[in-house]
Structures are given as C-alpha cells and as structure tokens.
Amino acid sequence: MQDDHFDIDGDTLHEECGVFGILGHPEAATLTALGLHALQHRGQEAAGIVTFDGRQFHSERQLGLVGDHYTNPATLARLPGHMAMGHVRYSTTGETILRNVQPLFAELEVGGIAIAHNGNFTNGLTLRRQLIASGAICQSTSDTEVVLHLIARSRRQSSSDRFLDAIGHLEGAYALVALTRTKLIGARDPNGIRPLVLGELDGKPIFASETCALDIIGAKFVRDVENGEVVICEMQANGEITIESIKPRVPVRERVCLFEYVYFARPDSVVAGRSVYGARKRMGINLAQEAPVEADVVVPVPDGGTPAAIGYAQASGIPFELGIIRNHYVGRTFIEPTQSIRAFGVKLKHSANRAEIAGKRVVLVDDSIVRGTTSVKIVQMIREAGAKEVHIRVASPMIYHSDYYGIDTPDPEKLLANQYADIEAMCRYIGADSLQFLSIDGLYKAVGGEPRNPLAPQFTDHYFTGEYPTPLTDLNGRQKNEPKQISLMREAG
C-alpha cells in the first residue's frame, strides 16, 4: 500500500466542527472567539462568527485558524452586539470554500437567522434535492443550508416553532446552534450522538460543543443539553433572559459517539458527565490487562495516545517515557515535497527521542489506527532510533466501517482492518513485532463502566460494529456511480 500524495494528517480521523454561542453579554464576540479557540481541535479549516447589535447582524467568516483572524482588535470591532455565535469547521460535507463557512445566515419572513452545526445529516442530500426540485436556490454545498430552507418553508408562526418544525425533518447527528434577533437556540439530535453543553457566565447563557470552551472564559457548566432537546434562550424587552426547554414526546436513549472519548474531545473536557482524560486513561489500563507484553518502556504516539499510554504504563508497571516528540507547528501545507525528499514523511510531525528508545523493547500506544500508513512510518522511525522490539497497542477496537455522522473516514476498503485477513497480516504490514487492539467491551468498560449491551448499545459505535443508530437515507438512495456530495461552481483562489 503506497501513499499517492503527501498528507501529514492523511491517516487520522477528522471531526467536522465545533459550535459556540452566547446571549446578552457585552463582550459577546470576544468570548465567542475565545470559545472557538478552545474548540480549535474540532476543526482547523475555517472559522466564523455572527453577532447581532439590536439593529442588524454582523458576520466574519474566514478560512484558516481562529488565531489567524480573531485576535485582531479590528476584526472584533466589526462584530458589535450583546449576542454572538461561532463555528470552527473541518469539512465532511461540502468543499472548503468561503461560502461554506458557518454560521450561515438568511433573512426570512420571521427575521434574520444564523445557524451552525456539528455533525452530519444522513438525509441532507435527499432533502436538498427535494428543495431544489421545488424551486429552492442553494448558495453553498454545506448541509447546514438545508436547515435554513426548511425554516423558511415552515408555515409555523414564530422562529422557535419554525426551528422545531425544521429539525423534525432531519436524520443523523447534529448539535445545532441558531441566533435570531432575540434568541439563542441549542439543539441535539434524538440519539445525542454529538455533544452540546449549556453554560453560564455572569448570568448569561452559553452553548458550546465541549466544556473546555466554558473553562477558557471562566464560565460555569450548567448541564448537558439532552438528546433530542431544544433549549431556547430569549432576550425579553425588559432585558431579562428566559430559558425554555422543549423535549421530545417520545424520547430515546442517549448514545454519545464513542470517538468523542477515543479521539475527538479535548482531554480536559467532560462529555456526558464523563471525564475524557479519565476514560482514555482507563482505556490504557484495560488494554494492558487484555494485551500484556514484556517490554522496557511505554511510549505514546502523541498526542492522542498519551493518556492511554499513561494508563498502560501504570497497569503494567512498565516505565512511561516520551519516546516520540511532536512538532506542533507543522501544518498540512507546510511544504510541498519533491519525490527526493518524500521519505521525510511523518518526521515533519514526529521525531524519535533516541535517548529513551535505543536498545529497548518499546510498547507504542496509539488511540486508533485508520489506514495504517502512519503506523508504518512511526514503527520504522522507532527502529531507526535503535529499538530492539516494537509492540503496538491500540486503545480502541479495529475500525471496519465508514462514518456518516460528521467524522471524515475513508471508504471501507481503504481501512486497514478490511485489507488483511487477520491481525498477524496487519502486523507484518506495519512492521511491528506484535499488534493488539482494545476489545469493544474493554472500550465500553473504560467509558461507561460496563460491557457493551448488544441488544441496546449504550453508545454510538458503528465504525467498530457496523450497527448504525439512524437511517442512512442518502447512502442507501445513492446510485453506485453517484458522488457522495453535491459540488457546485468552483471558486478561484
């Protein structure tokens, strides 16, 4: 299996995005920028902020990182108002072009509304085709635009009722935040696949994808937005803010995406009442119990494998060392290498700490393996640094299936688990002395404290098991030669 292009981050999973919103605070735009900065790990391709100053909406949407644009006082000065919402993006639906950068805004019969979401609608393309067939004009390739059209076409009276009507048509995974002239609205999909929390700062409500966005601004965590719940925060004429909770008439069990704990959420976040760092450390502990090996040193593949490696070292009694040092200042487009220097590969991002590796039997702990191409390069790098043996331990099960809920995954045939007959063949390809993955029950016990219930799984785990929690309308209705997403006019630049 050869790489046909140079991509430092090409063998990792990517979350789609993160959302943040605040109502009634004089520093709304600045706080939103700080919140998005804390959520930067959820999307690095683009960032956007929309505010409302009591008279009109203001928008700044930019390609690139939050810090590249929103640390500029002049930029924040263009975002006045006491209410704001923002979004960081990694695209899984739609190209990375400015018109796809969220929040998306539209002027409707009920007034202006801005909207952004984290996740993916599994019937988004189907709804889009229906809307276009009935005369809708779509300006972006983002599935978020579908929600604006659904709100516009609703015959309900208030913006809140139209919002509720619109999301009733959606399937899949979403954490949505919307901003109107008086309201900040947060909503989660019925299964609660994507996280969304409610916070408070100086008595003002906040929505954020993760608790780490509250921590950075000194806000208080109030609670998780429940699965299927819509929370409507409204600024009244007297300046008071009311908060209304609307819950589904027929609730279903919450099934948070397991990859929030394995990889996506920041270690210092708390997702659905569970410490992400604690869960990852327990993954390592369980992995050490399930897949022990005689070795001299436990080394994490940074940064995702670090908490699990700490757990593995503690449970096994093998010393933990930072045997790989990560360069945090290398971007995806740091350099366009010629064939002659393509062999640098992963070394632009990771460097072996030879002093802690040479002459030793090394246990490499990683959070997940997708295609395996990065694992090949890391094992080779560790051997070149003088390791006697290299044993890979992965703190999650093998990935067999694609995701359709906002995680950018390769097609099934490109996943390592589907390319080889057994784990021994995978191990030979990677070049390690041994290879073991955490079991699905081991992962469930690390996160939720008990094994997986096959009759009613406690989490969303389709990438491991193939059991999808919602209909896959777009996928099942797509012809074999039909593209996965709609592509419109390509913009220059």
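**Ground rules.** For my notes, a contact means heavy atoms within 4.5 Å. I am working with a predicted model, in which local features need pLDDT of at least 70 and side-chain atom pairs count only at pLDDT 80 or more, while totals for chains, interfaces and linings use all residues. Residues are numbered from 1 along each chain as its sequence is written, and side-chain values use heavy atoms, with hydrogens and water left out.

**Entry: Ser-158.** I looked up Ser-158 and found this residue in the loop between helix 5 and helix 6. Helices (H or I, at least four residues) and strands (E, at least two) are DSSP runs, numbered from the N terminus. What does Ser-158 touch, leaving aside its neighbours within four places in sequence? I get contacts with Val-110 and Lys-183. I also checked Glu-109: it is 49 residues from Ser-158 in sequence, and the C-alpha atoms are 9.8 Å apart. Ser-158 counts as partly exposed because its relative accessibility is 26%; buried means under 20% relative accessible area, exposed over 50%, and partly exposed in between (1.4 Å probe, protein chains only).

Entry: I took helix 5 (residues 144–153) and helix 6 (residues 159–167), whose axes come within 8 Å and cross at roughly 125 degrees. Axes here are lines fitted to C-alpha atoms, for helices over the stretch in contact, and angles run from 0 to 180 degrees between N-to-C directions. The two helices are therefore oblique to each other: angles under 35 degrees count as roughly parallel, over 145 as roughly antiparallel, 65 to 115 as roughly perpendicular and the rest as oblique. I then listed the contact residues: Val-147, Leu-150, Ile-151 and Ala-152 from helix 5, with Arg-162, Phe-163 and Ala-166 from helix 6.

Entry: I found an open sheet of 4 strands in the order 16-19-20-21, with parallel pairing. Two strands pair if DSSP finds at least two bridges between them. At the edges I have strand 16 (297–300) and strand 21 (434–437), each pairing on one side only. The twist from one strand to the next averages 20 degrees. Strand 19 (residues 361–366) runs parallel to strand 20 (residues 389–394), and 6 bridges join them. Val-363 has His-391 of strand 20 as its bridge partner. I also noted helix 13 (residues 423–430), which packs on the sheet and touches strand 20 and strand 21, at about 125 degrees to the direction of strand 21. Helix 10 (residues 306–316) lies across strand 16, strand 19 and strand 20, and runs at about 165 degrees to strand 16.

**Entry: antiparallel strands.** Strand 8 (residues 183–188) and strand 12 (residues 230–235) run antiparallel, joined by 5 bridges. What stands opposite Val-230 in strand 13? I find Ile-246 there, and Ala-187 stands opposite Val-230 too. Strand 12 pairs with strand 13 (residues 241–246) in the antiparallel sense over 6 bridges. These two strands form a hairpin with 5 residues between them, and Gly-239 in the turn has a positive phi of about 95 degrees.

**Entry: helix 14.** In helix 14 (residues 440–448) I list Gly-442, Leu-443, Tyr-444, Ala-446 and Val-447 as buried. They pack against helix 8 (259–264), strand 15 (274–275), helix 9 (276–290) and helix 15 (462–465). Just after helix 14, I noted a positive phi of about 90 degrees at Gly-449.
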